[in-house]
Amino acid sequence: MNKVSVSSPSNIALIKYWGMSDAQRTLPNNASLSMTLNQCVSYCTLARQTSGTSDEILWKTASGSLIPAQASMRRGIEQHLQQLRQHFDDWQPLRIATVNSFPTGAGIASSASGFSALALAFALRCGQSFNSPDLSQLARLSGSGSAARSVIGGFVQWPGHPGQLHCPAEQFAPAQHWPLHDLIAVVDAGHKNISSREGHRLAASSPFYAARLTQLPERLNTLREAILNRDFDTLADTVEREAVEMHMIAMTSKPAIFYWQPVTLEILARVRQLRRDGLQVCSTVDAGPNVHVLCTLQDVSAVYTALRKLPGVEQWIFDQAGDGPRQLARHLF
Ligand code: 2P0
C-alpha cells in the first residue's frame, strides 16, 4: 500500500498514568484506565517519498497548506519512526503529514492521538491489520504511554493485566456500553511549559508517590465496577479523587509542577455544586489546566447551560466516548 491515511483519537485518563517504571521502554508504574474520545483526533497521511532520500514531515495549517512541522514535533516523529522502522525492518523514506482537530500540546493528550495515528498508519502500510494486538505496543514506542490506549475505542485499560506492566492496552468496555459526554473547557490552548514526559520523570520525587501507588489497585477495581454498573456517583467520586491526587503528586514533585490555573479550580468547584444540585456530572484534569467535564447524555445540555458563560474559558469542545481509530479514504496530500 503506498498512501495510507488514518484518524486516531485522544483519550481522557480516568485513572492516570503518572510516573514510569522503565523510561527506556515507556512502561508505567501502575495500570491506568481511560475513555477514548471521538472528536479530538489526529489525522495522519503517510506515503513513500518519491523525491529524495530523506523523510518529509509536514503539518497541515488551518488554511489547508502543508508546512514543515515544528522542530519539537519533527524530533518526536523521527524518534518514533526510527523505532517503527526497526520493528518492521522497513527503511523507505516517507512523506508524512499530520494535523490535530484540537489544541496541540495543551494537555489534551495530543501526543496520544498523534503517535497512535503514526503507529497505525505505519503498521497499515506494512500490511498489518487494524486490530492487531501489536498496535498498542507500537504506539508506546513513541515514548507516549497514553498513546498505547488511543489505538483502542471505548473504555481502555493499560496494561490490560495490571500486574504485568509490559502488556498491551485492552478494551474494558465499548463506548456504546456507557456513551458518556466530555465537555472540554479549554482554559489555555497554548503549549504547556512542562511536558507530560517531564511530569512522569519527576513523579517519584513526590514524598506522596509511594502512598499513591498502594491505593491504585483498589481504585482501579472500584472504577471498573462503576463503569460496568453505570454507577455515576461512584465514577464521579473516584475520578475526581484521582485527578486531584495526580495533580497533588505533580505539585509536590521536586521541582514542583503546577498545571492548574485559577479558572481550573473555579470549574472544579462549579461541577461539584452542579452534582450537589442533582446533575450527573464530574470532572477530571490531565497534564494541563483544561478541564474535562464528564456527564451523561440526559444532563449534557443542563451542564453546558450552567457552565458556558464562565469567564476564562477560551473554548468548549464537545466530545464523548468514541470507537477508536479509523482508516480514511481522504488524504492530507
Ligand atoms: C495519562 N497523561 O494517563 C496521563 C495523565 C496526562 C495525565 O500521559 O498532553 O499524550 O500531549 O503531553 O503525552 C499525557 O499524555 O499528553 C499523559 P500531552 P500525552 O494520560
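Over residues 9-159, this predicted model is 30% helix and 32% strand, with the end C-alpha atoms 18 Å apart. UniProt, in an unreviewed entry, gives that span the feature "domain: Diphosphomevalonate decarboxylase-like N-terminal".

Now to the ligand. Where does the ligand sit? You will find the ligand in the largest pocket. There are 18 residues around it, and those that come nearest are Tyr17, Ser111, Ser146, Arg149 and Ser196. Sorted by class, this shell holds 7 nonpolar, 7 polar and 4 charged residues.

Which helices each supply at least two residues of the shell? They are helix H2, spanning 110-125, and helix H5, spanning 196-202. H2 gives the largest share, with 3 residues.

| Residue (polar backbone atom) | Ligand atom | Distance |
|---|---|---|
| Tyr17 | oxygen | 2.9 Å |
| Ser110 | oxygen | 3.0 Å |
| Ala109 | oxygen | 3.2 Å |

How much of the ligand's own accessible area does the protein cover? On its own the ligand has 470 Å² of accessible area, and the protein covers 94% of that.

The backbone has a few details that are worth a look as you turn the model. As background, most peptide bonds are trans, and most residues other than glycine have a negative phi. Against that background, the bond from Trp158 to Pro159 is cis, with omega near -10 degrees. Pro159 belongs to the loop that joins strand S8 (155-158) to strand S9 (170-173), and residue 159 is also where the span of the N-terminal domain feature in UniProt ends.

A cis peptide bond also links Lys254 to Pro255, this one with omega near 0 degrees. Where is Pro255 found? Pro255 is in the loop between helix H7 (232-251) and helix H8 (262-276).

Finally, have a look at Thr26. This residue is not a glycine, yet its phi is positive, near 50 degrees. Thr26 has its place in the loop between two strands, S2 (20-22) and S3 (27-28).

Notes
Residues are numbered from 1 along each chain as its sequence is written. This is a predicted model: local features need pLDDT of at least 70, side-chain atom pairs count only at pLDDT 80 or more; totals for chains, interfaces and linings use all residues. Side-chain values use heavy atoms; hydrogens and water are left out. UniProt positions are given in the numbering used here, feature names are shortened, and annotations may be inferred rather than shown by experiment. Helices (H or I, at least four residues) and strands (E, at least two) are DSSP runs, numbered from the N terminus. A residue is near a molecule or strand if one of its heavy atoms lies within 4 Å of it. A polar contact is a pair of N or O atoms within 3.5 Å; within protein, one must be able to donate a hydrogen and the other to accept it, and residues adjacent in sequence count only if both atoms are side-chain atoms. Accessible areas come from the Shrake-Rupley method with a 1.4 Å probe; for residues, only the protein chains shown count as cover. On a 1 Å grid over the protein atoms alone, a cavity is a set of points where a 1.4 Å probe fits but cannot get out, and a pocket is an open set with protein on both sides within 12 Å along at least five of seven lines; lining residues have an atom within 4 Å of a point. A molecule sits in a cavity or pocket if more than half of its atoms lie within 2 Å of its grid points. Ala, Val, Leu, Ile, Met, Phe, Trp, Tyr, Cys and Pro count as nonpolar, Asp, Glu, Lys and Arg as charged, and the others, Gly among them, as polar.
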